[in-house]
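Subject: Handover of a structure for your review

Dear colleague,

Please find below the structure that I would like to hand over to you. My notes on what was found in it follow directly after.

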Amino acid sequence: MEATLRQTWAFLFRGWHITRRYIGWVVVFNFYALVTSATVALIGVAQGNYQLTLTLVVGALLWNYLSWLYNEIAMSIAYERWEGTLEYTFMAPVSRAVHLFGVSLFSLLNSIVTSIIVLVGLMLFTNLNLRGVNFFGVLVVLAVSTMAFVGLGLFAAVFPVMSAERGAEATHIFQGSLLLVSGVYYPIDVLPGWLQPLSAISPATYTLSACRKLFGVGNSNSTPEYLAGAPLSAVTHELLILALMGAILLPLGLFAFVRIEAWAKKTGKLKRTG
Amino acid sequence: MQQPAIQVRNLRKSFRKRNGFRKKSELWAIDNVSFTVGQGETYGLLGPNGSGKSSLIRVLSTLLIADSGYVNMLGLTLPEQQDEVRKIIGRVSVDAAFYKKLSARENLLYTALLYGQNARQAERRAIEILEQLGMENAKFSTPLEEMSRGMQQKISIARALMINPPLLLLDEPTTGLDPKSRRDVQLFLEKLQSREGTTILLTTHDMAEAERLCVRIGFLAKGKLVAEGTAMQLMQHAGAATLDDAFIKLTGEELVEEEMVLVEG
């Protein structure tokens, strides 16, 4: 048990020190996340429509959290391939479950920090009044959807194991597709009909739908001064789907990673390139 | 009778290579290789680039799964008991792979934690090893990217040894090092072997290094182990005056391809 805790800590230790050494880039990425979110939210402000602003703010905030989480997990393997250290991680007597749990934990902490920065920034830019939002409900939805997104991150982390060059590209294509189909900034029904079924299999779709209800978006009782955030019971449907997705994606992502690792060891794909 | 540290029997590993559209060919990286390394022995594998040395080390390091054959390391078989094997091996590869922005200390502490070790104890051991390798303590906090290749390789050796492995797999650990660093590493390995009885499997291009460090040497060429014995036995077998000549006679290949390219370039 003590050894497992140390191994989990190893990934937090590594992540912290890498973040510290690349602090300039961390500031740049957070600045960029804040600016792109504010740019989107200001479209609502320009329209003088607080409901539109709120829709965009919730979209920007949640997308930052979920995409950061997914991206950090997936890219952590890509970073290891670029540095050439993946072989040493795979050679260490650490189980893949502990390895990926440690990586996911650090990614989660990172995404929480970025989300707080974006939230504070958005409040400064939009002057939104968040009284009445069911924040507890939002946290519950985020906690449940985190499982599904960690699972997706593990799936995406498989790509850099398969190919050092193409893996990171595939990870970003997958992330872009999620942004397109999940209704982050617009309702899903504006998508072409042939794309709409894909939104049903994206966990982000349900996270956004639930959080918008909990923020009071689209609720006729909401006013600019007081938002009528829905109770948690109003998002039971979304929560159940997210929990089911998490229960499937998390073990499946781990399984896929272990299988691809074995495949890479059979075909010699782990060898450092570049 | 003491069991061997490493037993390799009829090991084979091939890679598929694409030759144009829809055409694939099979390249044998390891072709029916068998050898045994006794506990506490330093065994050398000599061969030119592409002879299968690194593939062999990667199989023993659990990073590559062989097509067929038998591998046993201190009673543990691969790939079935790879989780257990990982606890008893340390590996140094020709490319010292680290988080280059992190300091030597941070890289080594990360490894210690990854192996579930007490970070402070592991740090003390790493400092001892680095001091023996002739590295100043002050360099411990320097980012790896600011270090010479020789220094990075010394950190790599400390990383492999700080977990106290009974089996050390060294894949061309001195390639590209300056003469002083090369001598420091060789001296350290000699002391390590005599003091702690660590079993060492060493691949190298360097004949003098193999003669100095290895009790027995195997010649690898095109994935096959073509000869094996002490340096003296190999020279006698080939009727050659030097190990270099013995290698050329027994394998039909030059060993120092890299140096030749440099001269021509």
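In which helix of chain A does A:His99 lie? The residue belongs to helix H5 of chain A, which covers residues 96-126. Please note that this is a predicted model, and the remarks below should be read accordingly.

Is A:His99 buried or exposed? A residue is classed as buried when 20 or more other C-beta atoms lie within 10 Å of its own. A:His99 has 22 C-beta neighbours inside 10 Å and therefore counts as buried. Leaving aside residues up to four places away in sequence, A:His99 touches A:Thr89 and A:Val94. A:Gly183, by contrast, is 84 residues from A:His99 in sequence, and the C-alpha atoms of the two are 32 Å apart in space.

The contact between the chains

Between the two chains, 27 residues of chain A are in contact with 24 residues of chain B. On the side of chain A that touches chain B, helix H1 (2-21), helix H4 (86-91) and helix H10 (236-267) each supply at least two residues. H1(A) provides the largest share of that side, with 10 residues. Sorted by class, the side of chain A that touches chain B consists of 13 nonpolar, six polar and eight charged residues.

Chain B as a whole

Chain B contains 10 helices and 10 strands. Its C-alpha trace spans about 55 × 50 × 40 Å along the principal axes. For 265 residues, a compact globule would have a radius of gyration near 18 Å, and the 19 Å of chain B agrees with this. Of these 265 residues, 46% count as buried. Among contacts in chain B between residues at least 6 apart in sequence, 68% join residues at least 24 apart.

The chain is divided into domain 1 (1-88 + 169-265) and domain 2 (95-164). The C-alpha centres of these two domains of chain B lie 25 Å apart. Where they meet, eight residues of domain 1 of chain B are in contact with seven residues of domain 2 of chain B. The domain 1 side of this contact comprises four nonpolar, two polar and two charged residues.

The four-stranded sheet

One open sheet of chain B has four strands in the order S2-S1-S4-S5, with antiparallel pairing. Strand S2 (24-37) and strand S5 (76-78) of chain B are at the edges; each has a single partner strand, so one side of each is left without a neighbour in the sheet. On average, and ignoring direction, neighbouring strands of this sheet are turned by 30° against each other.

The pairings within this sheet may be followed strand by strand. Strand S1 (residues 6-18) of chain B pairs with S2(B) over 11 bridges in the antiparallel sense, and B:Leu11 stands opposite B:Val33 in S2(B). S1(B) is also joined to S4(B) by five bridges, again antiparallel; here the bridge partner of B:Arg9 is B:Tyr70 in S4(B). Strand S4 (residues 68-73) of chain B is in turn joined to S5(B) by three bridges, and these strands run antiparallel. B:Met73 has B:Leu76 in S5(B) as its bridge partner.

The six-stranded sheet

What is the strand order of the open sheet that six strands of chain B form? The order is S6-S7-S8-S3-S9-S10 (chain B), and the pairing is mixed. Strand S6 (89-92) and strand S10 (224-229) of chain B stand at the edges with a single partner strand each, so one side of each lacks a neighbour in the sheet. Neighbouring strands of this sheet are turned by 15° against each other on average, with direction ignored.

Strand S7 (residues 167-171) and strand S8 (residues 199-204) of chain B run parallel and are joined by five bridges. Across this pairing, B:Leu169 stands opposite B:Leu201 in S8(B).

With kind regards

How values were computed:
Residues numbered from 1 in each chain as written. Chains lettered and ligands numbered in written order. Predicted model: local features only at pLDDT ≥ 70, side-chain atom pairs only at ≥ 80, totals over all residues. Nonpolar A, V, L, I, M, F, W, Y, C, P; charged D, E, K, R; others polar. Domains from an automatic or database assignment. Rg over C-alpha atoms; globule rule 2.2 N^0.38 Å. Buried ≥ 20, exposed ≤ 12 C-beta atoms within 10 Å, placed from the backbone. Pairing = 2+ DSSP bridges. Axes fitted to C-alpha atoms, helices over the stretch in contact; angles between N-to-C directions.
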